[in-house]
Amino acid sequence: MTTIGGEVAPGFEPVREAFAANFAQHGDLGAAVCVYQYGQPVVDLWGGVADPETGRPWTRDTLQLVYSATKGATATAAHMLAQRGALDLDAPVAKYWPEFATNGKADILVRWLLSHQAGLVALDQPVPLKEALAWHPMAAALAAQRPLWTPGTAHGYHGRTWGWLIGEVIRRVSGHTPGRFFAAEIAAPLGLDFFIGLPAGERNRVSRMVYQRPDVDLTTVPAESLPEELRELVAAWRDPNSFSNRAYAVTDPAEIDFDSPEVQAAELPASNGIGTARALARMYAALIGEVDGMRLIAPATLASATREQAGGKDQVMLIPSRFSAGYMLPTEANPMTGPNAFGHTGRGGSLGFADPERGIAFGYVMNNIIGGPDDVRATSLVDAVRRSLGK
């Protein structure tokens, strides 16, 4: 039986039970979950192994790469700049980034970058990975790229490019790279263990990820044998020119080793944030209220930041999705704790979100990268939070 560290406040015992069940029944190897309620921590748990190869245990301070849950942190930086009047989300991107106004992009709004409506999910010519990690070559490639659909008319998940797009706007406006802006303006004041661009001295705290491969490769299954609802998606996976594939092939090579020191040290504001569940929950708590006397954005800014901007069928994921200006909004597949919640998932199961109606902020991180419809770990924890609130 996995030893669980940490504590829960009275009434939140179902979350501890669900967390233990994730190890016993649902495949967790090392993980942590944290919940804040009205600015105070009510759940802070961790357990398992941080490195399955060496047996290094997961401790209170273990750091975990959270893939696209990073997008919630980067979006928060953009909204802080908007609140200060330094960034107008309804202005053209080219106002802040003049080189961007080429190939039909002069009228793309900053808001459309945040809400995945810019049509810049892929590149005609992928950028060598080493150059992409250096930032400027990727920003230049995106500035030159033509949109793949008429901007503002549809949305599709900009899985990789989103970080460089909004990150370059943050850099142009603030004078700081997005990771450094986050470190100085959000992480340091709130005491967050969360990094977009990992300092070398923190490397030994990071867990090692384990990747679970599906039992069946659906791309090898005859189309007529697939359920009707999966056929379009699997057909896209089989097509190297589909948006579903091209969105994750913007570097050369397309596959990125997120365990490597070079990747973790770079700033990839869409996908390489590294931190604790506690940091995710605490950041979201400071978005919806005060945490130790600090609130990140005012209620009016929050309302603007979390208003739906795009919804319906996603041109990349080919399933229904909903986005505000940078945050994911609840869907049937990811209901969070209520219709007014907002946040972001990450590849393999990580999740951070806030629910202003219930005063809840949530963070879950783990090193066994599973994902897909069979992964119930985050959902079971969120269900347990809802049960706790119902008591």
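Here are some questions and answers about this predicted model.

User: Is Asn 103 buried, partly exposed or exposed?
Analyst: Asn 103 sits in the loop between helix 2 (70-83) and helix 3 (110-114), and its phi is positive, near 55 degrees, though the residue is not glycine. Buried would need under 20% relative accessible area and exposed over 50%. Asn 103 has 48%, so the label is partly exposed.

User: And Leu 318, with its positive phi: buried or exposed?
Analyst: Leu 318 isn't a glycine either, yet its phi is about 60 degrees. You'll find Leu 318 in the loop between strand 11 (310-313) and strand 12 (320-323). The relative accessible area is 19%, and the cut-off is under 20%, so Leu 318 is buried.

User: In the open sheet of three strands, which strands are at the edges?
Analyst: The order is 5-10-7, with antiparallel pairing. An edge strand pairs on one side only, and that leaves strand 5 (64-65) and strand 7 (194-195).

User: What span should helix 13 have, and how far apart are its end C-alpha atoms?
Analyst: Helix 13 covers residues 377-390, which is 14 residues. The expected span is 1.5 Å times one less than the number of residues, so helix 13 should span 20 Å. The model agrees, as the end C-alpha atoms are 20 Å apart.

User: What do the buried residues of helix 13 pack against?
Analyst: The buried set includes Arg 377, Leu 381, Val 382 and Val 385. The packing partners are helix 1 (13-25), strand 2 (30-37), strand 14 (351-355), strand 15 (360-366) and strand 16 (368-369).

User: How is helix 2 oriented relative to helix 7?
Analyst: The axes of helix 2 and helix 7 (residues 178-190) come within 10 Å and cross at roughly 70 degrees. Since 65 to 115 degrees is the range for that label, helix 2 is roughly perpendicular to helix 7.

User: How do the residues of that contact divide by type?
Analyst: From helix 2 come Ala 73, Thr 76, Ala 77, Met 80 and Leu 81, which meet Phe 181, Phe 182, Glu 185 and Ile 186 of helix 7. The contact divides into seven nonpolar, one polar and one charged.

User: What is the relative accessibility of His 158?
Analyst: His 158 is in the loop between helix 5 (136-144) and helix 6 (161-174). Beyond its neighbours within four places in sequence, its contacts include Lys 71, His 116, Trp 149 and Leu 165. His 158 counts as buried, with a relative accessibility of 1%.

User: What is the relative accessible area of Phe 353?
Analyst: Phe 353 lies in strand 14. Leaving aside neighbours within four places in sequence, Phe 353 touches, among others, Tyr 284, Met 336, Phe 342, Phe 362 and Val 382. Phe 353 is buried, and the relative accessible area is 0%.

Terms used. Residues numbered from 1 in each chain as written. Predicted model: local features only at pLDDT ≥ 70, side-chain atom pairs only at ≥ 80, totals over all residues. Heavy atoms only, no water. Helix = DSSP H or I, 4+ residues; strand = E, 2+ residues; numbered from the N terminus. Buried < 20%, exposed > 50% of the residue type's maximum accessible area, 1.4 Å probe, protein only. Pairing = 2+ DSSP bridges. Contact = heavy atoms within 4.5 Å. Axes fitted to C-alpha atoms, helices over the stretch in contact; angles between N-to-C directions. Parallel < 35°, antiparallel > 145°, perpendicular 65-115°, else oblique. Nonpolar A, V, L, I, M, F, W, Y, C, P; charged D, E, K, R; others polar.
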